[in-house]
Amino acid sequence: MAVLSIRMIGDPILRTPAAEVTDFGPELARLIGDMTETMIDVQGAGLAAPQVGIGLQVFTYRVDGAEGHVINPVLEVAGASQGEVDVEGCLSVPGLGSFVDRSDWARVTGRDLTGQEIVVEGTGMLARALQHETDHLRGRLYIDRLAGEDRKNALRAIRSADYNRVTTRTAAERARSLGSSFTRGVVPAPGATPGPSGGTSR
């Protein structure tokens, strides 16, 4: 497993609806493993495949002790709005965050990496994560759900020169982990050679 590069706002893949997964083979399992490691490395609550440059309907999540992945998710929402409870951000839009109107309950029905049907549902932060990641698979970012002054302020910030510095700095910081294994930071022992994921193999 390896840490992958996260695409930033402005990358066309973030605006392209993802394709349905039809091949449930070892490459898909490897992608999910790499996405999970990447999500943990950057301390994210979720990560969608387009964010790592893969246009497939796959996302991982890790919220309040619940962790997993969903393939080809179908989203249902219900209940009242969460209101201005938590500021929502995005790994692909670093350094910014806004209150986003999300339903307090959500459920996704999809497949796991073996092709078996799974259902994930929750309230609060888990519901928010399920909605956020499903949006990614539809080519939408959380800023698309903003309105009025919130939307104007977010777009103004993104267009500023200062924001270019934020994304450049974030990309540079994340690049230090790219290709590493869970044992990153370990110095290779004498005679060890780089492994395929950037760790070491003996």
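Modeller: A salt bridge joins the side chains of Glu121 and Arg107, at 3.5 Å from N to O. The term stands for a side-chain nitrogen of Lys or Arg within 4 Å of a carboxyl oxygen of Asp or Glu. This is a predicted model, in which local features need pLDDT of at least 70, side-chain atom pairs count only at pLDDT 80 or more, and totals for chains, interfaces and linings use all residues. Residues are numbered from 1 along each chain as its sequence is written, and side-chain values use heavy atoms, with hydrogens and water left out.

Biologist: Where in the chain do Glu121 and Arg107 lie?

Modeller: Glu121 is in strand β7 (residues 117-123) and Arg107 in strand β6, 14 residues apart, and the pair links distant parts of the chain. Helices (H or I, at least four residues) and strands (E, at least two) are DSSP runs, numbered from the N terminus.

Biologist: Is Glu121 buried, partly exposed or exposed?

Modeller: Glu121 counts as partly exposed because its relative accessibility is 43%. Buried means under 20% relative accessible area, exposed over 50%, and partly exposed in between (1.4 Å probe, protein chains only).

Biologist: How many salt bridges are there by this rule?

Modeller: The count comes to ten. One of them pairs Lys152 with Glu149, with the closest N and O atoms 3.8 Å apart. Salt bridges that share partners also join Glu88, Arg102, Arg128, Asp135 and Arg145 into one network.

Biologist: Where does Arg102 sit, and why does it count as buried?

Modeller: Arg102 lies in the loop between β5 and β6. Arg102 counts as buried because its relative accessibility is 1%. Leaving aside neighbours within four places in sequence, its contacts (heavy atoms within 4.5 Å) include Tyr142, Gln131 and His132.

Biologist: Changing topic, how many residues are in the largest nonpolar core?

Modeller: That core has 15 residues, and Phe59, Tyr61 and Val70 are among those with the most contacts inside it. A nonpolar core is a set of buried Ala, Val, Leu, Ile, Met, Phe, Trp, Tyr and Cys residues joined through side-chain atoms within 4.5 Å.

Biologist: Which element gives the most to this core?

Modeller: Helix α2 gives the most, with five residues.

Biologist: Which salt bridge does Arg62 form?

Modeller: The side chain of Arg62 meets that of Glu67 in a salt bridge (3.4 Å, N to O). Arg62 counts as partly exposed, because its relative accessibility is 39%.
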